[in-house]
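Subject: Two-chain model, handover and notes

Hi,

Here is the structure you asked about. Please open it alongside this note; my findings follow below.

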Amino acid sequence: MAKMHFDLVSPERLLISAEVDQVDVPGSEGDFGVFAGHAPVMTTLRPGVLSIVTAGRSPEKFFVRGGFAEVTLQGLTVLAEEAMPMAELNAATLDQRIQNAEEDITDAKDAAARDRAQTTLNQLRELRSALG
Amino acid sequence: MPSLKDLRNRIASVKSTRKITRAMQLVSASKLKRAQEAAEAARPYAEKMQGVLANLAVGIAGQAGAPKLLAGTGRDDNHLLVVMTADRGLCGGFNTNIVKLARQHIQSLQREGKKVKILCVGRKGRDQLKRQFASMIIGTVELGGVRRLGFSNVQPIAKQVLDRFDAGEVDVVTLFYARFKSVISQIPTALRLIPAEVPKGTKTADLKGGAYDYEPDEQDILTELLPRNVAIQIFRALLENQASEQGARMAAMDAATRNAGDVIAALSTKYNRSRQAQITKELIEIISGAEAL
C-alpha cells in the first residue's frame with residue numbers, strides 16, 4: 001500500500017514525522033480516515049483520539065486537543081494545541097481539562113464563545129466517559 | 001602607593017568576583033542547552049503554522065470581509081509594541097540591544113504622528129523604557145517565576161494583545177525580541193504580529209491546481225487559526241529570547257571571568273614587586289646600620 005507522510009506537531013515539540021499507511025483524525029465535523037492520495041482538506045480538530053496505522057504494527061494512539069489538520073498532496077499535517085500519547089493520558093489530566101472548559105463557559109463573553117466552549121466541554125466529557 | 005595589605009585585600013575580592021562570574025557562566029551554559037532545545041523544538045509548529053496561514057492568505061487576501069487579523073483594520077494610527085526582554089541583567093548588551101531597536105521604532109512612529117503603546121514582557125525592558133516613555137507603557141508581564149516556559153504561560157499575553165485589538169484600541173502589533181543565532185550572536189528582531197505577516201519564501205503546499213475542502217468553512221477556520229497564530233508567534237519569540245538571554249549571559253560572564261583573571265595577574269605582580277622592594281629596603285637599612293658601627 002502506498003505510504004504517505006504524516007507530521008504530528010504541538011507547540012512544544014514535533015511528536016511524529018513518519019511515513020504511514022492510514023491516520024484516523026478526529027475532525028470537528030466528524031472523524032475521518034486519511035490514506036495516501038486523499039484530496040486536499042483543511043479542518044479544525046475536536047478533542048479526541050488520533051490513531052495512526054502502519055502496516056505490520058499495532059496502531060499508535062494519541063490524544064489531541066484543539067488545532068488543525070491539513071491534508072495536501074504531500075501528506076497529512078496535524079497541528080494540535082496539545083498532543084500526547086494515549087498511554088500518558090489519564091483520568092486526572094482529563095478532569096483538569098474538563099474543569100478548564102467549565103471555567104471557559106463562565107468566562108465566555110458572548111453567545112458564540114459560550115457555544116464553542118460548551119461544545120468542547122461536551123466532547124471532553126464524552127471522551128472522559130469512554131476512558132472509564 | 002597602596003600598602004601590601006590593601007593589595008592583598010583587593011586580590012582576594014577580585015578572586016571571589018571571578019568565582020561568582022564563573023559560576024554564573026556555568027549555570028547559563030546548562031540553562032542555554034535546555035533553552036536552545038526548547039526553541040528548536042518549537043520551530044516546526046511555528047513554521048507549519050505559517051505555511052498553513054500562507055496557503056489560506058493567498059486565497060482570501062484582497063477579498064472584502066477578510067478577517068481583520070490578517071488584513072488589518074485599514075488604519076495604522078495606533079501601534080502596540082510588545083517588547084520582550086529578560087527579568088535579570090548581567091547579560092551583556094542583550095536587554096539594551098532589544099530596547100534600542102524598540103526605541104528607534106517608537107521614535108520613528110512618533111515622528112509620523114502615530115500613537116504608541118508598549119507592553120513589556122520582562123522587567124529589564126520596562127526599567128529602561130520607563131525613563132523615556134513612561135506614559136506609553138500599558139502593562140508588564142513578568143515571567144520570572146516560570147521555570148520551564150510552556151504554551152500555557154503564553155496564553156494570557158496573547159489574550160491581552162487580542163483583547164486590545166478586538167476592542168479597537170490598536171491597529172498594528174509588533175513584537176520585539178532577540179533571535180537566537182548562536183551563543184555569540186543574538187539578533188534583535190522586530191516582527192509584525194497583526195496584521196499577520198507571511199514571511200517571504202514560506203513554503204506553501206503545491207496542490208497542482210486543486211483546491212482545499214474546508215471543514216467547517218474557510219472563514220471559520222481562519223477565525224480560529226489567526227488568534228492561535230498570534231499565541232504561537234509570541235510563544236516562539238519568548239523561547240528564542242530565553243535562549244538568546246542565556247547565550248548573551250554566558251558570553252558576558254566568560255568575558256568577565258577572563259577579565260578578572262587578568263586583573264588578578266596584574267595585581268599579583270604589583271604585590272610581589274612591592275613586597276620584594278620592602279624586603280630589599282629593610283636589608284639595606286640593616287646593612288648600612290651595621291656598617292656605621
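Which residue in E6(B) is the bridge partner of Val41(A)? It is Asp213(B).

First, the ground rules. This is a predicted model, where local features need pLDDT of at least 70, side-chain atom pairs count only at pLDDT 80 or more, and totals for chains, interfaces and linings use all residues. Residues are numbered from 1 along each chain as its sequence is written, while chains are lettered from A and ligands numbered from 1 in the order in which they are written.

**Where the chains meet**

Strand E5 of chain A (residues 41-44) runs parallel to E6(B), and 3 bridges join them. Strands count as paired if DSSP finds at least two bridges between them. Helices (H or I, at least four residues) and strands (E, at least two) are DSSP runs, numbered from the N terminus.

The contact takes 22 residues from chain A and 25 residues from chain B. Two residues are in contact if their C-beta atoms, placed from the backbone, lie within 7 Å. On the chain B side, helix H1 (4-60), strand E6 (213-215) and helix H6 (218-292) each give two or more residues. H1(B) gives the most, with 7 residues. By class, that side has 17 nonpolar, 2 polar and 6 charged residues. Here Ala, Val, Leu, Ile, Met, Phe, Trp, Tyr, Cys and Pro count as nonpolar, Asp, Glu, Lys and Arg as charged, and the others, Gly among them, as polar.

**Chain A**

E5(A) and E7(A) are antiparallel, with 4 bridges.

Strand E7 of chain A (residues 60-72) is mostly covered, with 10 of its 13 residues buried. Buried means that 20 or more other C-beta atoms, placed from the backbone, lie within 10 Å of the residue's own.

E7(A) also pairs with strand E6 of chain A (residues 48-53), antiparallel over 5 bridges. There, Val49(A) stands opposite Phe63(A). The two strands form a hairpin with 6 residues between them, and Gly56(A) in the turn has a positive phi of about 80°.

Strand E8 of chain A (residues 75-85) is antiparallel to E7(A) over 10 bridges. One of the pairs is Phe68(A) with Leu79(A).

**Chain B**

Chain B has an open sheet of 5 strands in the order E3-E2-E1-E4-E5, with mixed pairing. Strand E3 (137-141) and strand E5 (185-194) of chain B stand at the edges, each with a single partner strand, so one side of each has no neighbour in the sheet.

Strand E1 (residues 78-84) and strand E4 (residues 172-182) of chain B are parallel, with 5 bridges. Leu80(B) has Val173(B) as its bridge partner in E4(B). H6(B) lies across E1, E4 and E5 of chain B, at about 40° to E4(B). Axes are lines fitted to C-alpha atoms, for helices over the stretch in contact, and angles run from 0 to 180 degrees between N-to-C directions.

Helix H3 (residues 94-111) and helix H4 (residues 123-133) of chain B pack at about 35°, with their axes 10 Å apart. Residues making this contact include Ile98(B) and Val99(B) of H3(B) and Leu129(B) and Phe133(B) of H4(B). The contact divides into 5 nonpolar, 3 polar and 1 charged residues.

Best wishes

Methods:
Buried ≥ 20, exposed ≤ 12 C-beta atoms within 10 Å, placed from the backbone.
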